[in-house]
Amino acid sequence: MTFEQFIFYLLATIATIAGLMMISVKNPVKAALWLVLAFISTAGIWIMAQAEFLGLVLILVYVGAVMVLFLFVVMMLDINMAILKEGFTRYLPLGAMAAAAIFALMYMVIGPEHFGLEVTGSPVVHPANYSNTEAIAIPLYTTHAYAFVLAAVLLLLGIVAAIALTLRRRPTTEVRYQDIDKQVKTLAADRFRMVKMETVIEKDIVSKEEDDK
């Protein structure tokens, strides 16, 4: 076994254990941390496969942004663990069958008979000046440009839909809203009014004491 194979099996073992721990632990924060470890080990495997750009994106985007946001949301929510545990035993057989079906489908697609080294061969060793980012960017922005733009539009629709679902307008009796259009149309005469009042002269302390006597 070479050193590269040892690192590959080590990272694959860490990713497998982290994935199992992620779905088995009871604390959602710990599950998110195990998922971060699975992402990091998977990124190491991608880097070994000379997909440096994908490995760095997995760390920067998923670990550095998505998982941090997920941790903030989980820690801010008041999660009732008793409710989450309800129905676990009842739905366990259905979950086990679904997991077995997914594993069987993955084995049929990426099994050793269809995706092994005997079929695909060893990966091509690129020179030191090879740019993985350029190799991905050229077909992405030329051959698959329409699919790339369509994916961006779908993500934008997802963002708009999420904002629309979470935007709940409460009645004005409970919360005050700012009407920008009304504020812009307000005239200066409506905002400022001169009021004439009589002059009030405050007496000295000695004069006040004499008046009290």
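The structure holds one salt bridge, a term used for a side-chain nitrogen of Lys or Arg within 4 Å of a carboxyl oxygen of Asp or Glu. The model is a predicted one, in which local features need pLDDT of at least 70 and side-chain atom pairs count only at pLDDT 80 or more, while totals for chains, interfaces and linings use all residues. Residues are numbered from 1 along each chain as its sequence is written, and side-chain values use heavy atoms, with hydrogens and water left out.

The salt bridge joins Lys185 to Asp181, with the closest N and O atoms 3.3 Å apart. Lys185 is exposed, at a relative accessible area of 61%, whereas Asp181 is partly exposed, at 46%. In these terms, buried means under 20% relative accessible area, exposed means over 50%, and partly exposed lies in between (1.4 Å probe, protein chains only).

The protein contains 12 helices and zero strands. Of the 213 residues in the protein, 10% are buried. Contact is taken as heavy atoms within 4.5 Å. Among contacts between residues at least 6 apart in sequence, 52% join residues at least 24 apart.

The largest nonpolar core has eight residues, namely Ala32, Val36, Phe39, Ala43, Leu58, Val63, Met67 and Leu71. The elements that give two or more residues to this core are α2 (28-48) and α3 (52-76). Such a core is a set of buried Ala, Val, Leu, Ile, Met, Phe, Trp, Tyr and Cys residues joined through side-chain atoms within 4.5 Å. Apart from neighbours within four places in sequence, Phe39 is in contact with Leu58, Tyr62, Val63 and Met67.

Asn132 is found in helix α8 (residues 132-141) and counts as buried because its relative accessibility is 11%. The side chain of Asn132 reaches the backbone nitrogen of Phe53 at 3.2 Å and the backbone oxygen of Gln50 at 3.1 Å. A polar contact is a pair of N or O atoms within 3.5 Å; within protein, one must be able to donate a hydrogen and the other to accept it, and residues adjacent in sequence count only if both atoms are side-chain atoms. Asn132 and Phe53 are 79 residues apart in sequence, with a C-alpha to C-alpha distance of 6.2 Å. Leaving aside neighbours within four places in sequence, Asn132 is in contact with Gln50, Ala51, Glu52, Phe53 and Leu54.

The accessible surface of the protein comes to about 18800 Å², and 69% of this belongs to carbon and sulfur atoms. Accessible areas come from the Shrake-Rupley method with a 1.4 Å probe; for residues, only the protein chains shown count as cover. Met1, Phe3, Phe6, Phe8, Tyr9, Leu10 and Met48 make a nonpolar surface patch of about 790 Å². Patches are made of residues with over 30% relative accessible area and no salt bridge, with like charges joined within 9 Å and nonpolar side chains (Val, Leu, Ile, Met, Phe, Trp, Tyr) within 5 Å. Helix α1 (residues 3-24) gives the most to the nonpolar patch, with five residues. Phe8 lies in helix α1 and counts as partly exposed because its relative accessibility is 37%.

Note on methods: Helix = DSSP H or I, 4+ residues; strand = E, 2+ residues; numbered from the N terminus.
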